[in-house]
Structure formats: structure tokens, C-alpha cells
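Have a look at the structure first, then read on.

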Amino acid sequence: MPVLASSRARLLAALLLPIALGAASCSQQVDFKQTLKVTDVSGGWFDFGIVDGKNKLVPSVTFKILKPADVRLRSLSLNVHFKKIVDPSKPGKDGEEEFDEVFLQTVEFEGNETKTLTVRPTTGFTGDAPQTRAEMLQHRLFQDIRARVFAKQSSTTWVELVAFDRPRTILTK
């Protein structure tokens with residue numbers, strides 16, 4: 001009887017070891033700040049059309065995220081914060097004010113990169129006709145916007161990947 005119990009214990013250990021190793025590799029922590037690279041960053045102000053009889057512009061940012069081939073990461077969550085730059089003389093977040101944010105729950109990697117992502121909030125600036133969109137960008141009350149892209153996976157902490165100031169350019173796509 002002791003031989004049978006010993007065989008069962010070895011069989012159980014042999015079956016559980018791959019499961020334990022697989023679980024450990026799935027929970028591998030990835031340092032997003034060091035590992036992920038944001039590329040092809042561009043943006044401006046998207047022509048949202050006419051809303052309630054007014055021209056509307058919303059901030060827009062486009063980018064891809066790359067990862068090294070040896071990093072096992074299938075997807076991540078992104079939170080893109082759009083911040084008004086209220087005091088350019090103050091560095092970083094001290095000169096910003098919340099404007100809007102867009103949450104992307106699942107962004108998947110296709111190989112070692114994501115598809116090209118274009119993120120736009122619904123909040124924007126409007127101008128009365130006959131003010132053109134180009135004139136809106138030059139108006140003294142128009143405020144520049146900075147996009148801050150944060151990433152995380154499951155229960156990890158949000159990590160800022162990039163901050164990008166929107167140029168005053170009209171986008172139609």
C-alpha cells in the first residue's frame with residue numbers, strides 16, 4: 001500500500017508542476033515604462049462637424065504601442081487623459097487641468113505591436129459661425145491640450161507611457 005500512495009503523490013506532483021509553472025509565467029510582471037514603446041505619435045484637432053449649429057473641434061491623438069518579442073503580453077488597458085494646459089510656465093502636471101478622458105479596456109497586440117489607435121474624447125471647443133475652424137484655433141480663449149497615455153494590465157498600477165501636446169492643426173480623418 002505505501003508504494004501505491006507514493007506513486008499517486010508522484011503522479012499528482014507531475015501533473016501539478018506544469019500548471020504551477022504556467023501560472024507563474026502568466027503572472028509575470030512587466031515594467032511598462034521600461035518595456036513598452038509608444039511610436040507613430042501624431043494628433044491635432046479633429047473636425048467633429050456642426051453640433052447645435054456651431055463648429056466643433058475635439059482633441060485627437062494617434063499612436064501605436066510596441067513591445068519586445070520576448071515579452072509575453074497579449075493585451076493591456078489604456079486610459080488617455082486629455083488635460084487643458086492652463087499655465088505653460090508651470091512644469092508638467094502643475095500647469096494642467098482635467099478636460100476629458102477615454103478608457104480603452106482591451107487593446108490587443110498583433111504580434112509585437114498594437115494596431116494604430118486614434119483616441120478622441122467627446123468634449124471639445126465650439127465656435128459660432130461665421131468663425132472658421134482655423135480661426136477657432138487662433139482665438140485668445142482657445143486652450144491647448146496635452147494627452148497623457150496610461151497603461152495597465154489587470155490589477156497592476158497605471159503607468160504613464162507618454163505625454164503629447166496637441167498641435168493646433170485641423171484633422172479631417
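Let's start with the end of the chain's story: strands S8 and S9 make a hairpin, with six residues between them. Keep in mind that this is a predicted model. Overall, the protein carries three helices and ten strands.

**Hairpin**
- S8 and S9, the latter covering residues 159-165, run antiparallel and are paired over six bridges.
- Across from Arg146 you'll find Asp165 in S9.
- In the turn, Ser154 has a positive phi of about 45°.

**Fold and surface**
- Going along the sequence, the order is α-α-β-β-β-β-β-β-β-α-β-β-β.
- Of the protein's 173 residues, 36% are buried.
- Take the contacts between residues at least 6 apart in sequence: 68% of them link residues at least 24 apart.

**Nonpolar core**
- The largest nonpolar core has 30 residues, and the members touching the most others are Leu36, Phe63, Ile65, Leu76, Leu78 and Phe82.
- At least two core residues come from each of strands S1 (37-51), S2 (54-66), S3 (75-85), S4 (96-110), S6 (117-119) and S8 (145-152), and helix H3 (133-138) does likewise.
- Nonpolar side chains in soluble globular proteins tend to be buried together.

**Leu76 up close**
- Setting aside neighbours within four places in sequence, Leu76 contacts Leu36, Ile65, Gln105, Thr106, Val107, Phe109, Ala151 and Lys152.
- Two of these partners, Leu36 and Ile65, are also among the core members that touch the most others.

Conventions:
Residues are numbered from 1 along each chain as its sequence is written. This is a predicted model: local features need pLDDT of at least 70, side-chain atom pairs count only at pLDDT 80 or more; totals for chains, interfaces and linings use all residues. Side-chain values use heavy atoms; hydrogens and water are left out. A nonpolar core is a set of buried Ala, Val, Leu, Ile, Met, Phe, Trp, Tyr and Cys residues joined through side-chain atoms within 4.5 Å. Buried means under 20% relative accessible area, exposed over 50%, partly exposed in between (1.4 Å probe, protein chains only). Helices (H or I, at least four residues) and strands (E, at least two) are DSSP runs, numbered from the N terminus. Contact means heavy atoms within 4.5 Å. Two strands pair if DSSP finds at least two bridges between them.
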